[in-house]
Amino acid sequence: MKNKFIVNTAAFRKENSAKLDQAAQIHRAKELGFAAIEIRNELLDGSLVELEKISQQAQAEQLEVYFSVGDVLFKEQHLNPAFEQYLEQMRNLGAQYLKMNLGNFSHSNAGAQLDDYLDGSFHLYLENNQTPNESDLQKTVAFFQQNTCPDISYCFDIANWEWLQDDVYEAAKQLAPVTDYLHLKNFVYDNNKKKVTSLEKGILDWRRIIKIFTQANQFGFEYYAEPTILQSDLELVQQSLS
């Protein structure tokens, strides 16, 4: 499979902006050279009309749709009761990719709880957010040791490990075998607080990190930046992979 480049709608949302017309960003994503757009659940208005509008617009622009849900797959060691709702939203978006955070799972029955849903019609990604108890590294490793279904893999966000206080390079070595999707962004310290940045403006050696992931073929851009910066970063990533 050739490399696929995806833009998360966070790239078009200015800091502290509460709303974003995600359907309107699809054409912008296509113009910038991306093959897919990642829709954020928390920016939806909750209506079926909006989901269908996004689906139709993506079809018209021939862009694939990914669905990012800022919620956990497991709550109190059980499958999140909202999981079916997220699957329905995903399908109404015309998407085949659903991304969530792991949460707190039971080692004994996590796979069994998912078996009824993983029917090959979609791919489930687990990703590290910035909350330690939702994205614990060792729990994530343990989950993938027990769950080898080809319909589940990892989305490794290269910057979020800084908020989790795990070493990104160690996390990369441990999770590279189950990762085929990278979320790309960087960070800096601003008044002693971590702040997300575009790739070239941050601290992380993103080129070194990418090289660890020999199985990754999907690359998502998840940070606000002016279109010229996004386009430049996309070209830099493409060059680093060539």
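Gln-77 sits in the loop between strand 3 (64-75) and strand 4 (78-79); helices (H or I, at least four residues) and strands (E, at least two) are DSSP runs, numbered from the N terminus. Its phi is near 70°, a positive value in a residue other than glycine. This is a predicted model: local features need pLDDT of at least 70, side-chain atom pairs count only at pLDDT 80 or more, and totals for chains, interfaces and linings use all residues. Residues are numbered from 1 along each chain as its sequence is written, and side-chain values use heavy atoms, with hydrogens and water left out.

**Positive phi in loops**

- Most residues other than glycine have a negative phi.
- Gln-77 is partly exposed, at a relative accessible area of 39%; buried means under 20%, exposed over 50%, and partly exposed in between (1.4 Å probe, protein chains only).
- Gln-165 also has a positive phi, about 60°, although it is not a glycine.
- Gln-165 lies in the loop between helix 6 (161-164) and helix 7 (168-175).
- Gln-165 counts as exposed, at 72% relative accessibility.

**Strand 8 and its partners**

- In strand 8 (residues 179-184), 6 of the 6 residues are buried, so the strand is largely enclosed by the rest of the structure.
- Strand 7 (residues 152-157) runs parallel to strand 8, joined by 4 bridges; two strands pair if DSSP finds at least two bridges between them.
- Tyr-154 has Thr-179 of strand 8 as its bridge partner.
- Strand 8 is also joined by 4 bridges to strand 11 (residues 218-221), and these two run parallel.
- His-183 has Gly-220 of strand 11 as its bridge partner.

**Nonpolar cores**

- The largest nonpolar core has 76 residues; such a core is a set of buried Ala, Val, Leu, Ile, Met, Phe, Trp, Tyr and Cys residues joined through side-chain atoms within 4.5 Å.
- Phe-83, Leu-98, Leu-114, Phe-143, Phe-156 and Phe-221 touch the most other members.
- Phe-143 touches Phe-74, Leu-102, Phe-105, Ala-110, Leu-114, Leu-126 and Ile-152, not counting residues up to four places away in sequence; contact means heavy atoms within 4.5 Å.
- A second, separate core of 7 residues includes Ile-6, Tyr-66, Cys-155 and Tyr-181.

**Helix 1 against helix 9**

- The axes of helix 1 (residues 25-32) and helix 9 (residues 227-241) come within 10 Å and cross at roughly 45°. Axes are lines fitted to C-alpha atoms, for helices over the stretch in contact, with angles from 0 to 180 degrees between N-to-C directions.
- Arg-28, Glu-31 and Leu-32 of helix 1 make the contact with Pro-227, Leu-230, Gln-231 and Leu-234 of helix 9.
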